[in-house]
Number of protein chains: 4
Amino acid sequence: MSAKLPVGILGATGIVGQRFVQMLEHHPWFEVAWLAASDRSEGRPYGEAARWKLKSAIPRAVAEMKVSSARPEGAPKIIFAALDASIAAELEPNFAAAGCAVVSNSSALRMHKHVPLVIPEVNPEHIKLLECQAWRKKSGGFVVTNPNCSAIGLVMALAPLERQFTLDTVMAVTMQAVSGAGYPGVPSLDILGNVIPYIPKEEEKMEEETLKLLGRLNGGGVAPGKFKMSAQCNRVAVEDGHTESVAVKLLKKPARPEEIIAAWNEFRSAPQELHLPSAPQQPVSYSPAADRPQPRYDVDSGGGMTATVGRLRPCPVLDWKFTVLSHNTIRGAAGAALLNAELLKVQGYLD
Amino acid sequence: MSAKLPVGILGATGIVGQRFVQMLEHHPWFEVAWLAASDRSEGRPYGEAARWKLKSAIPRAVAEMKVSSARPEGAPKIIFAALDASIAAELEPNFAAAGCAVVSNSSALRMHKHVPLVIPEVNPEHIKLLECQAWRKKSGGFVVTNPNCSAIGLVMALAPLERQFTLDTVMAVTMQAVSGAGYPGVPSLDILGNVIPYIPKEEEKMEEETLKLLGRLNGGGVAPGKFKMSAQCNRVAVEDGHTESVAVKLLKKPARPEEIIAAWNEFRSAPQELHLPSAPQQPVSYSPAADRPQPRYDVDSGGGMTATVGRLRPCPVLDWKFTVLSHNTIRGAAGAALLNAELLKVQGYLD
Amino acid sequence: MSAKLPVGILGATGIVGQRFVQMLEHHPWFEVAWLAASDRSEGRPYGEAARWKLKSAIPRAVAEMKVSSARPEGAPKIIFAALDASIAAELEPNFAAAGCAVVSNSSALRMHKHVPLVIPEVNPEHIKLLECQAWRKKSGGFVVTNPNCSAIGLVMALAPLERQFTLDTVMAVTMQAVSGAGYPGVPSLDILGNVIPYIPKEEEKMEEETLKLLGRLNGGGVAPGKFKMSAQCNRVAVEDGHTESVAVKLLKKPARPEEIIAAWNEFRSAPQELHLPSAPQQPVSYSPAADRPQPRYDVDSGGGMTATVGRLRPCPVLDWKFTVLSHNTIRGAAGAALLNAELLKVQGYLD
Amino acid sequence: MSAKLPVGILGATGIVGQRFVQMLEHHPWFEVAWLAASDRSEGRPYGEAARWKLKSAIPRAVAEMKVSSARPEGAPKIIFAALDASIAAELEPNFAAAGCAVVSNSSALRMHKHVPLVIPEVNPEHIKLLECQAWRKKSGGFVVTNPNCSAIGLVMALAPLERQFTLDTVMAVTMQAVSGAGYPGVPSLDILGNVIPYIPKEEEKMEEETLKLLGRLNGGGVAPGKFKMSAQCNRVAVEDGHTESVAVKLLKKPARPEEIIAAWNEFRSAPQELHLPSAPQQPVSYSPAADRPQPRYDVDSGGGMTATVGRLRPCPVLDWKFTVLSHNTIRGAAGAALLNAELLKVQGYLD
């Protein structure tokens, strides 16, 4: 019998659900014990129900597991959720009310006053917010979320700057990979040789989530970051990896470029100190090459958990310009939730 | 015998040189009479020397024309130049000194104090600067330039805003097509499924050219625009069409969105008033669809001479965000020079 | 009042339906008077119901037309059908039974004994088969079909060879564009940087349709062509244009390459002789360049109605190898049906 | 001091040269001790001279190694060659004459009567041919080659069929990745959204190499395979992995599909028996999925050393159709040469 904690996956057949299955295959603490998806999949073996889209093979044990109904009955206590927002809004509260620890990648509850929106390297202390949740008080269950795939790489690059230099203004323009839209997601006729300058609700999420992530716990909520933030989001013909052109203004001056680069390269936080299994050694890595980061070369850095920054140079309008890249379905989704779960575990929330 | 003015093309075998050949095929005023390229091509029929990369067929008469040596002797008086900057720096002055009207797409002389950098819709009055050129005084020859392919779409979108609302700040992030790098240009291994966040010298050109274009004639030079300007340039897997995510701050407030959109849609200038043959009816067109402009649909608008703007929305940092798209080898290169030549002609400079 | 014949489009919102709308915009004989699509679209203006995916603008008059229910009541007599096979199998007989001339691009009835499968340049005489249809006898209505998008380019290249040299064996491997799968069609995650070596039922269609097209009218049916035929079908990351690597064995020998090339270039047939409005001047064109045809350059040849052949060379196994390219949604779908309708009209079947 | 054998790489800065560096980084028997490239690179550190295009980082020790002149003086005895054919024709004989074991991926000498063209799983006994080389007799040096990247996957799929069923006829159409053309290789303007139906000399190589590989040692040469063979080669927008649509006729009949599949899956040969370090456990693997193999999922099978076959189905012309995929710069180039070197070592040719 395994000593690992059994976990369930809600929305297991989608692209992010598949990443959960893949990342959990050899996880030292957790083990997939339950999978749920839409009614259409219920009762079928996972290997049949999921159209597996990852390059590694589908883990055999999981492939043979039957897909369950998306109800808390019979589900394990720890639930990873990768649901569309509208479905998450309905299901996640049910699972939390039933006593589950819902570690969610969905956007539905991210901005809920009592729901922690957490990147373990950035704002691990926000986890505590879950104690304010009504579910927690009644059943012990709770919901913890990670940010949108476009916000996470940006915030990892911003956090060391906020710590050392205090942000005044942030402007970001994204070039986002198609896997961020799930499967079937973006039709090939829409993206081959093209750029789509619009992703529904993405800019709003990026702006508000960035401010919440870099905000401060304040009684029963989070006071958003005090800097100004603007985002523009584009879709490009890349499979995995969101690239972002960023400009920032800093309050503490002067910030020398070598100080900024050191702030990124030396940034370490709770996941590294606690040696969480999915934590990259270096959460943010600066590439000195003139033309990096690039999805082709850098997306899998740190097993897809490291954000790569490059091209730091002065900005004639704000202070500095740079480019950041992160893996949108690993660090930007499944890996983010997994790292949240690991943090919850070491803090005793999963006992 | 044709009544059209004979013109020559310097750098005729490259991608922009080919666009000149294509756009001049049925031109009412000009006619290709002379083609020059590198030594390697000299003496060969153009159809053999050029690796034709456009979708329309190579015009038969031009295909059979012999490629000449890149020297002023024997060249016609009007010369379109599509040379690499380093070669242009050497050759363009030679042709101007020999009495030629050099209408150049090259970057070499764009920022030269006495060389007009012109978009006929934006700053036609800058043409006069050519009278200050030493070549003009000695031989009658001169050099007129058009901007970089990434600057031109941006400046067309900015010009109506500058006119009506006065620009305070401009931030632009580009997603540029591979044809902007010429042929062979970007290796496929570098761009398939990738984004390259760096184009050598592109950001510098975009910033300084934008300020010169929106500057003001000031004795024997141009006083640059008074707004602040920052650019970030990326290469994406698109064939033709540079897409740009732009944010602006305006001095005159409030500017209502319908006023801004009207400023774009109603923008008309010298080329429209003078009915220049290559002038689009509408130089700037606003697309109301949520997800436009896109290279796939909008790049050929106005025969490739119209810049398409879309997605106007408030910016939490500056005032407004929008997206602009323009065809980088038509409006951004050959078509830009051709329109400059047409403006020169109606103003009597080509007599 | 227009003197044009009113036509309807079944399946008007899909990619092929859109091509019908586009190609009919300026048609001298036909005029769109009725559009039908799935229930979801019924009653909505076409411009809203269709997600327009073509580069030219949606014709204004059609954009404002209401989408009708897919029932014969109220439909015009001439119906272009661009339906999925399963729906076509149900609807097309209804329209034929109601007296309509159904000119179909759907696969449902192509192999029906009494349904003509026609390329006007190849087997115009097969049209007569419609007289055997029970619908024709009862109501005057009938169904005429055009082949699958992968068969049509191949058969256009084969027809001149069959005429002059008699085919013994044909082997074809396709590299098919994503637009052949409709919209949303192929997910971008499936095709970016990839080849998919499988298109459901495509090889079967290509093999049996090719034999029927090059077969001979035989009483109340078609005796299939007497040659052997094998197809392999692949999907590639191309927007429009199916490329096919073909090898053939000919019965009449020797066939010299210049004879074969002349057979292609000089191939003319009913549409050219009758000056049908959508007929290309040259239905098959041989490109002498070593590396052509290519989708990028050749797909729009003859307004998308010409098949381009290239690379004729000896085959060590059969006799000859060559490459053929044709536009899959113009010559391979909407244009094919339109040309069929034009042939029907001049033959008096639409009176 | 290392007990590994020092090896050199000729053409070390190209794409295949880089693969050699990558695959040798942790090799148990060999160690990079010497790198040579064109004059332009001579004397520079490898990390500077090579434009590294692989996803894994450049090995530090190699990055700091100085690039040598491409002359035998000072070179180690074992040389991997990844040169353009014209240069290889000149340099490889020099190195062999100087006593080196030249293990070459270049095409220059592949069809030379006394030069073994070897896939260790297919024709290991051909290695002996090197004893006929004049170089061998004089200096002990020799040249051994591996096939073209398009031939190798095909021949791996054919070898088990030839063994068990005897080939009569083979027809193959390739869809080849851009990395096969090296770097910069295929310009992006040529391949984005396109198929190029021509690769210079590729079809000839594929046809003659396949026959030599499946031929039989015959005194001082190789009697080519007795089957008929025809190839058509296309370039597609894929980064790594050549996909091939193949049809075969077999002499021994009937061959049942399960026998053919077993022949592939159970195919083992010298490299597996000898446990060569780069040998994949299973050189040929049959994928039962309807739509596989695909470059996206299967290219890295067996560390890039396994050829994946799929879609076995009857052919109406020959007997069987199938699809084969192999990694063109691993199994098709650097890995092929490396496996040859390993075979040479266990046979004592490198002592």
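**Note on the strands, sheets and interfaces of a predicted model**

1. In chain C, strand β12 and strand β13 (residues 307–314) run parallel and are joined by four bridges. Within this pair, C:Tyr286 stands opposite C:Val309 of β13(C). Two strands are said to pair if DSSP finds at least two bridges between them. Helices (H or I, at least four residues) and strands (E, at least two) are DSSP runs, numbered from the N terminus. Strands of a sheet pair through backbone hydrogen bonds, either parallel or antiparallel.

2. The structure is a predicted model, in which local features need pLDDT of at least 70, side-chain atom pairs count only at pLDDT 80 or more, and totals for chains, interfaces and linings use all residues. Residues are numbered from 1 along each chain as its sequence is written, while chains are lettered from A and ligands numbered from 1 in the order in which they are written.

3. The pair in chain C belongs to an open sheet of six strands with mixed pairing, in the order β10-β7-β11-β14-β13-β12. At its edges stand β10 (228–235) and β12 (284–287) of chain C; each has a single partner strand, so one side of each is left without a neighbour in the sheet. On average, neighbouring strands of this sheet are turned by 25° against each other, direction ignored. Helix α8 (residues 202–213) of chain C lies across β7 (167–176) and β10 of chain C and runs at about 145° to β10(C). Axes are lines fitted to C-alpha atoms, for helices over the stretch in contact, and angles run from 0 to 180 degrees between N-to-C directions.

4. Chain A also contains an open sheet of six strands, ordered β10-β7-β11-β14-β13-β12, with mixed pairing. Its edge strands, β10 and β12 (284–287) of chain A, each pair on one side only. Inside the sheet, β11(A) and β14(A) pair in the antiparallel sense over seven bridges, and A:Glu244 stands opposite A:Val324 in β14(A). Helix α8 (residues 202–213) of chain A packs on the sheet and touches β7 and β10 of chain A, its direction making about 145° with that of β10(A). Helix α9 (residues 257–265) of chain A lies across β12, β13 and β14 of chain A, at about 140° to β12(A).

5. In chain B, strand β1 (residues 5–10) and strand β2 (residues 30–36) run parallel and are joined by six bridges. B:Leu10 stands opposite B:Ala36 in β2(B). The chain passes from β1(B) through helix α1 (residues 15–24) of chain B to β2(B), and this β-α-β crossover is right-handed; with the strands pointing away from the viewer, the path from the first strand over the helix to the second then runs clockwise. β1(B) also pairs in the parallel sense with strand β4 (residues 78–81) of chain B, over four bridges. The bridge partner of B:Ile9 in β4(B) is B:Phe80.

6. Chain A is divided into domain 1 (5–148 + 334–346) and domain 2 (149–327), with bounds that come from an automatic or database domain assignment. Their centres, taken over C-alpha atoms, are separated by 24 Å. The contact takes 34 residues from domain 1 of chain A and 31 residues from domain 2 of chain A; two residues are in contact if their C-beta atoms, placed from the backbone, lie within 7 Å. On the domain 1 side, helix α12 (residues 330–346) of chain A gives the most, with seven residues.

7. Between chains A and B, 35 residues of chain A are in contact with 35 residues of chain B. The most on the chain A side comes from β10(A), with five residues. That side divides into 17 nonpolar, eleven polar and seven charged residues. Here Ala, Val, Leu, Ile, Met, Phe, Trp, Tyr, Cys and Pro count as nonpolar, Asp, Glu, Lys and Arg as charged, and the others, Gly among them, as polar.

8. Chain D touches chain B through 15 residues, which are in contact with 15 residues of chain B. The chain D side divides into nine nonpolar, four polar and two charged residues.
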